[in-house]
Amino acid sequence: MSKANNFQRIRDLNYLQKAVLAAAVIERMLPNYDLFSDATGFGDMATMKSTLNVCWEIIVFPKSKINLEKQVDKVEANVPELSLFDMFGTYPAIDTATALLGLLHGLMAKDEQEFIDIAKISQATVARYVEFVLENEEIEPDNSLVREHEIMQYEIEVLAGLIDFVEQMGRITSESVKELKQHATADGQTNIGITI
């Protein structure tokens, strides 16, 4: 399954399908933030989780009276500053927060491109992690090594599986969203292969 193929398939989804797919991708990223927060004492995982839950709610019940601007402020206060933390985990944490902000902005502006970008952010997190792993093995990372790496191949496969699931969901209800969330985290690991 080629990367371009996944992104073409995402572009072919409708607005709500793109939104739920983006939220499902963030479910897989969120534990990376939790690990960073545990390690550094920075950031409030509960805020991140509740904001993602609010996004799910808005997708299922678009008429909900929820102030998304307030949610944006909450997430922005929890974005780590790269220069303050000298550890790899800062990158996935920033990517998670960036993806969550993208989901909020997408819902506020009804901007589907924001949702597509979330899958790209997740893949960029994985690419950076693969580069980090290769450098630790003293291998000079290049695009093909990163692309062919088992962690990246797995990310592409999982994304394809999530797209399959979303394509077959039919109506987006509380029940179907619950199933999608379970499907997204069923393998018990984050997008960079860390066991949750």
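User: Where is D117 found?
Analyst: D117 is in helix α6. Helices here are DSSP runs (H or I, at least four residues; strands would be E, at least two), numbered from the N terminus. Keep in mind that this is a predicted model, where local features need pLDDT of at least 70 and side-chain atom pairs count only at pLDDT 80 or more, while totals for chains, interfaces and linings use all residues. Residues are numbered from 1 along each chain as its sequence is written, and side-chain values use heavy atoms, leaving out hydrogens and water.

User: Okay. How does D117 count for accessibility?
Analyst: D117 counts as partly exposed because its relative accessibility is 27%. The cut-offs are under 20% relative accessible area for buried, over 50% for exposed and partly exposed in between, with a 1.4 Å probe and protein chains only.

User: And what separates the C-alpha atoms of D117 and I172?
Analyst: The separation is 21 Å, and the two residues are 55 apart along the chain.

User: Switching to V75. Which helix is that in?
Analyst: V75 belongs to α4, residues 68–76. V75 has 0% relative accessibility, so it counts as buried.

User: What is V75 in contact with, leaving aside its neighbours within four places?
Analyst: V75 has contacts with M48, T51, A97, L100, L101 and L104, where contact means heavy atoms within 4.5 Å.

User: Now the core. Which residues touch the most other members of the largest one?
Analyst: V20, L103 and L107 do, in a largest nonpolar core of 51 residues. A nonpolar core is a set of buried Ala, Val, Leu, Ile, Met, Phe, Trp, Tyr and Cys residues joined through side-chain atoms within 4.5 Å. The helices that each supply at least two residues of this core are α1 (3–12), α2, α3, α4, α5, α6 (112–136), α8 (150–167) and α9. Helix α2 gives the largest share, 12 residues.

User: Aromatics next. How many aromatic pairs does the structure hold?
Analyst: There are 9 aromatic pairs. Rings of Phe, Tyr and Trp (its six-membered ring) pair if their centres lie within 6.5 Å; planes under 30 degrees apart are stacked, over 60 edge-to-face and the rest tilted. Take F88 and Y129: the ring centres are 5.7 Å apart with the planes at 50°, so this pair is tilted. The pair links distant parts of the chain, 41 residues apart, with F88 in the loop between α4 and α5 and Y129 in helix α6. Both F88 and Y129 are buried.

User: And how does F88 pair with F132?
Analyst: The F88 and F132 pair is stacked, at 4.4 Å centre to centre and 15° between the planes. F132 sits in helix α6, 44 residues from F88. F88 is buried because its relative accessible area is 15%, whereas F132, at 33%, counts as partly exposed.

User: Which residues form an aromatic cluster?
Analyst: Y33, F36, F42 and F85 form one.

User: Last one, R28: buried or exposed?
Analyst: R28 is buried, with a relative accessible area of 3%. R28 lies in helix α2, and its contacts beyond four places in sequence are Y154, V158, L162, A184, D187, Q189, T190 and N191. Both V158 and L162 are among the buried residues of α8.
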